[in-house]
Amino acid sequence: MPGAASGKHEVDVVVVGAGPGGSAAAYHLSRHGVNVLLVDRASFPREKVCGDGLTPRGVKVLLRMGIDPDEPGFERVKGLRIFSRKVMLELPFPQLEEFPDYGLVRTRLDFDELLARRAEKAGARLLEGTEVLGPISSDGYVTGATIRDAREGGTGPTGEIRARYVIAADGASSRFAGQAGVRRDATRPMGIAARRYYRIERRPGPWLEAWMDLWEGDAQLPGYGWFFPVADGRSNIGAGLLNTFKGFKDLSAQRVFDAFVRMLPEDWNVNDDTADGRVLSGALPMGMNRSPPALPGMLLVGDAAGMVNPCNGEGIAYAMESGEVAAELIHDALVTGRPGIAHMYPTVLRQRYGSYFHIGRGWVRALGHPPVMRALTEYGLPQAWLMRFALRFLGNLTDGPKGDASDKVMEALLRLARAS
Ligand SMILES: Cc1cc2nc3c(=O)[nH]c(=O)nc-3n(C[C@H](O)[C@H](O)[C@H](O)COP(=O)(O)OP(=O)(O)OC[C@H]3O[C@@H](n4cnc5c(N)ncnc54)[C@H](O)[C@@H]3O)c2cc1C
């Protein structure tokens, strides 16, 4: 719905940002018949810097939105191929009851549009090209947002949206939630990463590829690299690092990316001539590093809530899952007339992700120590059984207490984390 930024709108729920988190929230609310307005400053399709990779966890939430993973545009992958100086290991995704055994790759250019249109089809009104300027508050409650037409260089008419609930899904910078009083928790991890598309002959086949050690000559850089196959024949190549890594302040995503590309075999032809577009970089807010995740009248989802998994840098699945959780709670609150239900959101997030992210934060702090990182790449990576377990644990892929021995070890670790 273009060109509706001016004037006043009244809805049950306004969702700020139509990335995966916002579109999932809008979809699940609309599915329940709730009157939702989904607002994005961009007009779709729009680019979003990302690795474009979905693990089985991401596929599961996609299926919950009724999206067909066999439609053209999706590239199916069956697992992770890991490289280090010492090893090359192929780790198929596990066979589980709770998750499919495959992942997907799709450019965010059309993935995000697909989700936004899906939400629209379910009944949400999508307001594109509309910037949300800030929250409207009344008596300590967030009750809406001011908006402006973003298409004429941000000088278009302004308007406002009044809503019973507001969902902030405006991504990693989340200025909207910031204006309402949400802060970044600097003790929790943050990643930065850069990626570029290439048109080259070499393809990873049906695998997500990850490089666990990056080198600049003989110096090991604290970072990781990826090489993901895109359905249109291009490859998404990128690299990133975490702020828990020693030397983080002296490095940039671009430098780590350049080092990674230089490491790749010359005959793969990953260079400026085969590049399609520029190197783009962005932040990955991890381990629930925003606080609080809800204010009276407003719930934060996805990157706005710092929901990226610190263990593997996956953010799409967690954005969509938190969007669904927020939608279900708001729906229950609306149906029962009890706002307290929506305000249970932080507790539900803590119950669902608290212990796992607690371990994840410890994991990335440990990786930040060069001797730990070296020991892992030297002695851990060559152990196939250990890496199979790591794939499950770091991907948060488990059948829970009813599962096999690996699941039981995971459960025990999560119980320990809960107790600590
Ligand atoms: C380089 C890189 C690689 C990554 N690779 C992967 C990967 O392979 N797999 C994975 O799962 N995750 C990956 N991630 C993380 C993933 O991209 C994010 O976690 C995910 O996009 C979060 O979704 P979201 O809906 O919360 O936010 P976003 O996708 O950022 O969407 C936010 C939306 O809000 C809109 N918006 C912002 N401000 C306003 C405003 N004021 N008014 C209106 N609209 C607004 C934006 O236009 C945008 O559409 C990567 C991140 C980076 C930076």
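Colleague: How many Å separate the centres of domain 2 and domain 3?
Modeller: In this predicted model, the centres of domain 2 and domain 3, taken over C-alpha atoms, are separated by 24 Å.

Colleague: Which residues does each domain cover?
Modeller: The domain assignment places 190-285 in domain 2 and 356-419 in domain 3, while domain 1 consists of 7-76 + 105-185 + 287-354.

Colleague: And how many residues of domain 2 are in contact with domain 3?
Modeller: Seven residues of domain 2 contact eight residues of domain 3. On the domain 2 side, four of these residues are nonpolar, one is polar and two are charged.

Colleague: Turning to the sheet, what is the order of the strands?
Modeller: The order is E6-E5-E14-E17-E18-E13-E19, an open sheet of seven strands with mixed pairing.

Colleague: Why is one side of E6 and of E19 left without a neighbour?
Modeller: Strand E6 (88-92) and strand E19 (275-285) stand at the edges and each has a single partner strand, so one side of each has no neighbour in the sheet. On average, neighbouring strands are turned by 20° against each other, direction ignored.

Colleague: How many bridges join E13 to E18?
Modeller: Eight bridges join E13 (residues 190-198) to E18 (residues 235-242), and the two strands run antiparallel. Ala-194 stands opposite Ala-239 in E18.

Colleague: Which strands does helix H5 touch?
Modeller: Helix H5 (residues 253-263) packs on the sheet and touches E13, E14, E17, E18 and E19. The direction of H5 makes about 125° with that of E18.

Colleague: And where does H10 lie?
Modeller: Helix H10 (residues 384-394) lies across E5 (79-83) and E6, at about 45° to E6.

Technical notes. Residues are numbered from 1 along each chain as its sequence is written. This is a predicted model: local features need pLDDT of at least 70, side-chain atom pairs count only at pLDDT 80 or more; totals for chains, interfaces and linings use all residues. Two strands pair if DSSP finds at least two bridges between them. Helices (H or I, at least four residues) and strands (E, at least two) are DSSP runs, numbered from the N terminus. Axes are lines fitted to C-alpha atoms, for helices over the stretch in contact, and angles run from 0 to 180 degrees between N-to-C directions. Two residues are in contact if their C-beta atoms, placed from the backbone, lie within 7 Å. Domain bounds come from an automatic or database domain assignment. Ala, Val, Leu, Ile, Met, Phe, Trp, Tyr, Cys and Pro count as nonpolar, Asp, Glu, Lys and Arg as charged, and the others, Gly among them, as polar.
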